[in-house]
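Open the model in your viewer and keep the selection tool at hand.

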Amino acid sequence: MKQSIQGSRLIVNNVSKHFGDFCALRDVNLDIEPGELVCFLGPSGCGKTTLLRIIAGLEQQSTGSLHQGEVDISLKPPHARDFGIVFQSYALFPNMTVEDNVAYGLRSVGTSKPQIQYRVSELLATVGLPEQAKKYPTQLSGGQQQRVALARALAPSPGLLLLDEPLSALDAKVRNHLRAEIRQLQRQLGVTTILVTHDQEEALAMADRVVVMNNGVIEQVGTPVDIYQQPASAFVAEFVGAMNFMDSSAVSDRSVQVGSRVLNLKHPLKGGQGPVRLAIRPEDVHLQPLTGNGWQAQVVSVDYLGAFIRIEIILRECGLRLVVDVSPRSARQLGLAQGAWVNVTLPSDSLHCFAA
């Protein structure tokens, strides 16, 4: 596209939402910068879609305020807010051609016919559908329909683009291809974008920042790397990626005891001694041949998952079960098969601790 869309800043301040006695959102605060792609991630019922609907004006918050740029949009109806939205179901008009679907929003605000023709052609070229202008939605694939929905949302040059699980109805190959296209297009246009998803891989691949939500509150906001490598809570650690948890006890501010062994920690603990939940990612567990001073462990199961092999082991000393991800090459070198024995170490810089 020849001209960039000017993305706008969005500030969500102490927003709560109640449905009768049920609290769907509780004191949500969020500051989204111009041109940023932020992903609302969480399980079903966590409040992410409710928050998106409040931002769009499709739902009214019980308390709190919202500002887009310098404008207070807290009480504005949807048509008075500056956003475009793409739904999971595409929501295209079946009786309109592709070009008429894209032009719909422009016609409703009185854009001239030459401007509409130019804008529609420009957007269809941008989303890779210049030859599909005269077709109807039913003549397109799911991925093509979602491209049309995206072009329609972008047609009025909104300051904010809202994506409500836009890829979940597509098959895996199309979904992976389209998310890369959407990310590239969003960077090219500079439009501030909010993506709602329950797919952690989608969130980590696309977002500048991820907002992890649970039970109506924000558990953590951070870059994909921060969310994955430094989870702020046990919920984030468990929801984003795979994680091993071990019941243990703190013996100092930098050490915990698992079974009869004391493990050192990279970061100091808060709260002194007592029970804690120790956690480590499957790819961070180190396996070696059966020599040295690590834990001895027996392989319980082996699952081939293409790019890596996931095994389950049981530590001989304390009966603890761990899941470990290794490359196929490492699996061959270590002779990993059901019943095999290996040595295990848990690197201190990969350990996370959470309140029990």
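Start by selecting Ser248 together with Val256, Gln257, Val258, Gly274, Pro275, Val276 and Leu278: these are the residues that Ser248 contacts (heavy atoms within 4.5 Å), once neighbours within four places in sequence are set aside. Ser248 sits in strand β11, residues 244-252; helices (H or I, at least four residues) and strands (E, at least two) are DSSP runs, numbered from the N terminus. Is Ser248 buried or exposed? Its relative accessible area is 9%, so it is buried, a word used here for under 20% relative accessible area, with exposed over 50% and partly exposed in between (1.4 Å probe, protein chains only).

A word on what you are looking at: this is a predicted model, in which local features need pLDDT of at least 70 and side-chain atom pairs count only at pLDDT 80 or more, while totals for chains, interfaces and linings use all residues. Residues are numbered from 1 along each chain as its sequence is written, and side-chain values use heavy atoms, leaving out hydrogens and water.

**Next stop: the hairpins**

Strands count as paired if DSSP finds at least two bridges between them. Click Ser249 and you will find Gln257 of β12 opposite. The hairpin that links β11 to β12 passes through 2 residues.

Now extend the selection to strand β13, residues 261-264, which pairs with β12 in the antiparallel sense over 4 bridges. Here Val258 has Arg261 in β13 as its bridge partner. β12 and β13 also form a hairpin, with 2 residues between them, and Gly259 in the turn has a positive phi of about 65°.

**Next stop: the cores**

Select Val102, Leu150, Leu154 and Leu161. Within the largest nonpolar core, which has 44 residues, these four touch the most other members. Such a core is a set of buried Ala, Val, Leu, Ile, Met, Phe, Trp, Tyr and Cys residues joined through side-chain atoms within 4.5 Å. Helix α4 (residues 142-154) supplies the largest share of this core, 6 residues. Apart from this core lies another one of 30 residues, including Val258 and Val276, both of which you selected with Ser248.

Return to Leu161 and show what surrounds it. Beyond residues up to four places away in sequence, Leu161 touches Gly84, Val86, Leu150, Ala153, Leu154, Val191, Thr192, Thr193 and Ile194.

**Next stop: an open sheet**

Colour the strands in the order β2-β1-β4-β5 to see an open sheet of 4 strands with antiparallel pairing. Its edge strands, each pairing on one side only, are β2 (22-32) and β5 (71-72). β1 (residues 10-19) pairs with β2 over 7 bridges, and Val15 has Val28 in β2 as its bridge partner.

**Last stop: Arg81**

Select Arg81, in the loop between β5 and β6 (83-87). Arg81 counts as buried because its relative accessibility is 7%. Among the residues it touches, leaving out those up to four places away in sequence, are Ile54, Ile55, Ala56 and Gly57. Draw a distance from Arg81 to Gln68: the C-alpha atoms are 8.6 Å apart, across 13 residues of sequence.

Finally, zoom out. The chain has 9 helices and 20 strands, and its C-alpha trace spans about 75 × 45 × 35 Å along the principal axes. Of its 356 residues, 47% are buried.
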